[in-house]
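Hi,

Here is the structure I said I would pass on.

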Amino acid sequence: MTLPCLSAEPNTPAETPVVKPTKSYLPAKEVKHITIDDKPYELLVRPWEGKKKLGATIILPATNGTADSPGLMAFVRRNINPAGWASLSLTPPKELPAPNFATAAEEVTTAGAAQLNTPSNKPSQKIKPEDSNKHLQEQEDFLIKSMSQLDNVGTDYPGKRVLITADQSAGILISLLSQKKIADPDVLIVINPYSEDETHNQAIAEKLAKLTMPILDIQSPDGHPASLETAEQRKILAVSLGTPNYRQTTLALNLDNESAWQNCLNAIKGFAARMSGAY
């Protein structure tokens, strides 16, 4: 089974998406592409290794990254294959660009028209709520379209499906799963899940607790403050609602430490194997 042709119909050269070789350091056979809204995005694929053939892991790195962003997720992508899992790593959605609050020189001495209305104990709002909600919808649409194209590649790796995601990407996917906008994986792994929007962030715990698939919730001490804020609530709600096979693991080391990467990988491999019936 191979990927379907992703190029446009053969009309004019200008209508054919041009894929730039941005991952020249990777073997060509690992770099696939999917097309979303007529634009090509990378999908990195590594087959399982050895005799075990359990299925495929779908890896979604943090927002604003790439399918092979350096760090934990790239480590997992490269090292989970000997445990019997193929790895399909998606390009994550982008965040809104940081707003520019530059003031023109002639305006520096001009009196302001209004006082700040943000409480002193809260961070200043980065993005207008209407812009944030619009962009969140765009991120969700991007991921729905990305996930819908994985079946063509995944047929090469029959078996269970393990979805591994981190940070804001995890927050978005938890929301999509709770709304039934994407198919449930067999196992869900979330690492430091959060949303920068306070309302959406507070809703993550309840949404996660109401999911029915086995869930491994990994929290690191250097996770985003918004993730650390809901960690205990995520655990309490999951236990109180009787979420099946929920487990929260708190790492002792920060994720800038490669030893923590190996600890994460061991936890993921063990949980995925148990919940897939390999043990």
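This is a predicted model: local features need pLDDT of at least 70, side-chain atom pairs count only at pLDDT 80 or more; totals for chains, interfaces and linings use all residues.

Residues are numbered from 1 along each chain as its sequence is written, and side-chain values use heavy atoms, with hydrogens and water left out.

Cores to start with. By nonpolar core I mean a set of buried Ala, Val, Leu, Ile, Met, Phe, Trp, Tyr and Cys residues joined through side-chain atoms within 4.5 Å; buried is under 20% relative accessible area, exposed over 50%, and partly exposed in between (1.4 Å probe, protein chains only). The largest one has 35 residues, and Leu43, Leu90, Leu188 and Leu208 touch the most other members. Helix α4 (residues 167-178) gives this core its largest share, 6 residues. (Helices are DSSP runs of H or I with at least four residues, strands are runs of E with at least two, and both are numbered from the N terminus.) Another core, of 27 residues, lies apart from it and includes Leu72, Ala166, Ile189 and Leu216.

Next, the helix pair. The axes of α4 and helix α5 (residues 198-209) come within 9 Å and cross at roughly 50°. Axes here are lines fitted to C-alpha atoms, for helices over the stretch in contact, with angles from 0 to 180 degrees between N-to-C directions. So α4 is oblique to α5 (under 35 degrees would be roughly parallel, over 145 roughly antiparallel, 65 to 115 roughly perpendicular, and the rest is oblique). Gly171, Ile174, Ser175 and Ser178 of α4 meet Ile204, Lys207 and Leu208 of α5, contact meaning heavy atoms within 4.5 Å.

Now the single residues. Tyr157 sits in the loop between α3 (150-154) and β5 (160-166), and Tyr157 is buried, at 12% relative accessible area. What does Tyr157 touch, leaving out residues up to four places away in sequence? The list is Val45, Pro47, Trp48, Gly55, Ala56, Ala86 and Leu88. Ala56 is 101 residues from Tyr157 along the chain, yet their C-alpha atoms are separated by 6.1 Å.

Ser227 is in helix α6 (residues 225-240) and counts as buried because its relative accessibility is 0%. Not counting residues up to four places away in sequence, Ser227 touches Asn192, Pro193, Tyr194, Gln219 and Arg234.

Cheers
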